[in-house]
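Let's walk through this protein together, from its overall make-up to a few individual residues. Please keep the viewer open as you read.

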Amino acid sequence: MGNALRLLYGHCCKPSADSDSIGHHGVTPGVSALAHDLYNFEITSQVPQGLSEHVVSSKKAQANWYKKLSDAWRETKPPPKTPEEASRLVIQTLKRHQKADVEGLLAFYGLPLPSSLVELTSDGPPPSHLQGLKFELHTLPVDAKAVADGDTVTVYVSTTDPRESSRLPRDVQAAAIQRSKARAQKNYAKADELHKQIIDSGYRVIPVNHEEVLARKYRIRLRGIDAPESAMPYGKEAKEELTKVVQGKSLRVLVFDEDRYGRCVGDIYCNGIFAQEVMLKKGLAWHYTAYDQRPELEKWEKEARAKRIGLWAARNPDMPWEWRKQKRENQRS
């Protein structure tokens, strides 16, 4: 039995009585159910009861699918956690099988059908995207609370990173050492006071894999897009989508500029996925043409408009920059 399936089902996916749309560690019940059935198939060679009501092929064919899927799941690192990831694995693994069977299997687990999936093309920035690059960040895993909205996220970079270690203020380094000593002596009041000093300096001590890491804070504004504000239609959906892309993952951030709020303006890549591409193709952001003229961003927005998905379901969706301008004028009047 593969460790990926055992760990995914046994430790983080087993549905609980109070699980809602999201299961443990951000894994949804639909993904959990598929992981459970693949785990069970490797032990018993039995496909789940009721599957035949959703597909057209025989039990023998179904067993063949589950063998292929269990092999593919073991080879995928990290294993699928979201419905989209699980759906793509099923579609790719069974791409030579009948459409009715693939869609029936997805429907059986409540996973997205091919027609509702956004196909992503990016596997890294082309050379033309690197013009004007100032520096590159490789972040620690991102917490869901770090996503402010659909185009802004706070990230942390370990001070062991060569670029960061050369820029680390001595007083911050000293405070981190003193804090560690205070915690060892169980002087938590002193440790908290020192951590506040560290935070006020733009750093934070973050637990990572049972260790404490001193890291520098960066606020990132996604380059070339403008997502709806939280109070706007689709503002909540935009924030949720960006959270889904970055949560729990280490990011590659290419920084090109700094805005008037002190945020780094950059491109975010996560396991080869270009975050801005996801937001535009899912209709949860505008191409911010006032600051970015990349043709692919324009193309992705046009594709979402044509499909009328996300905010483009409305005939005339409010532009975020106009919404902010109106809000400022209302505050002045």
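This is a predicted model: local features need pLDDT of at least 70, side-chain atom pairs count only at pLDDT 80 or more; totals for chains, interfaces and linings use all residues.

Residues are numbered from 1 along each chain as its sequence is written, and side-chain values use heavy atoms, with hydrogens and water left out.

The secondary structure comes to twelve helices and ten strands, where helices (H or I, at least four residues) and strands (E, at least two) are DSSP runs numbered from the N terminus. Of the 333 residues, 44% count as buried; buried means under 20% relative accessible area, exposed over 50% and partly exposed in between, with a 1.4 Å probe and protein chains only. Among contacts (heavy atoms within 4.5 Å) with a separation of 6 or more, 66% join residues 24 or more positions apart.

In soluble globular proteins, nonpolar side chains tend to be buried together. Here the largest nonpolar core has 34 residues, and Val153, Ile220, Leu251 and Ile268 have the most contacts inside it. Such a core is a set of buried Ala, Val, Leu, Ile, Met, Phe, Trp, Tyr and Cys residues joined through side-chain atoms within 4.5 Å. The elements that each supply at least two residues of this core include β3 (152–158), α9 (235–246) and α11 (295–307). Apart from it lies another core, of 22 residues, among them Phe41 and Leu105.

Now turn to the second largest pocket, with a volume of about 720 Å³. On a 1 Å grid over the protein atoms alone, a pocket is an open set of points where a 1.4 Å probe fits, with protein on both sides within 12 Å along at least five of seven lines; lining residues have an atom within 4 Å of a point. Grid points are joined across faces, edges and corners, and the volume is the space filled by probe spheres set on the points. Of the 28 lining residues, the closest to the pocket centre are Arg221, Tyr261, Arg263, Tyr288 and Tyr291. Helix α12 gives the most to this lining, with seven residues. The lining divides into eight nonpolar, three polar and 17 charged residues, with Ala, Val, Leu, Ile, Met, Phe, Trp, Tyr, Cys and Pro counted as nonpolar, Asp, Glu, Lys and Arg as charged, and the others, Gly among them, as polar.

Where is Asp259 found? Asp259 sits in the loop between β7 and β8, and it counts as buried because its relative accessibility is 18%. Its side chain makes a polar contact with the side chain of Arg263 (2.6 Å); a polar contact is a pair of N or O atoms within 3.5 Å, where within protein one must be able to donate a hydrogen and the other to accept it, and residues adjacent in sequence count only if both atoms are side-chain atoms. A polar atom of the Asp259 side chain also lies 2.9 Å from the backbone nitrogen of Tyr261.

Finally, consider backbone angles. Most residues other than glycine have a negative phi. Lys186, however, has a positive phi of about 60°, and at 63% relative accessibility it counts as exposed. Arg308 has a positive phi of about 55°; at 47% relative accessibility, Arg308 is partly exposed.
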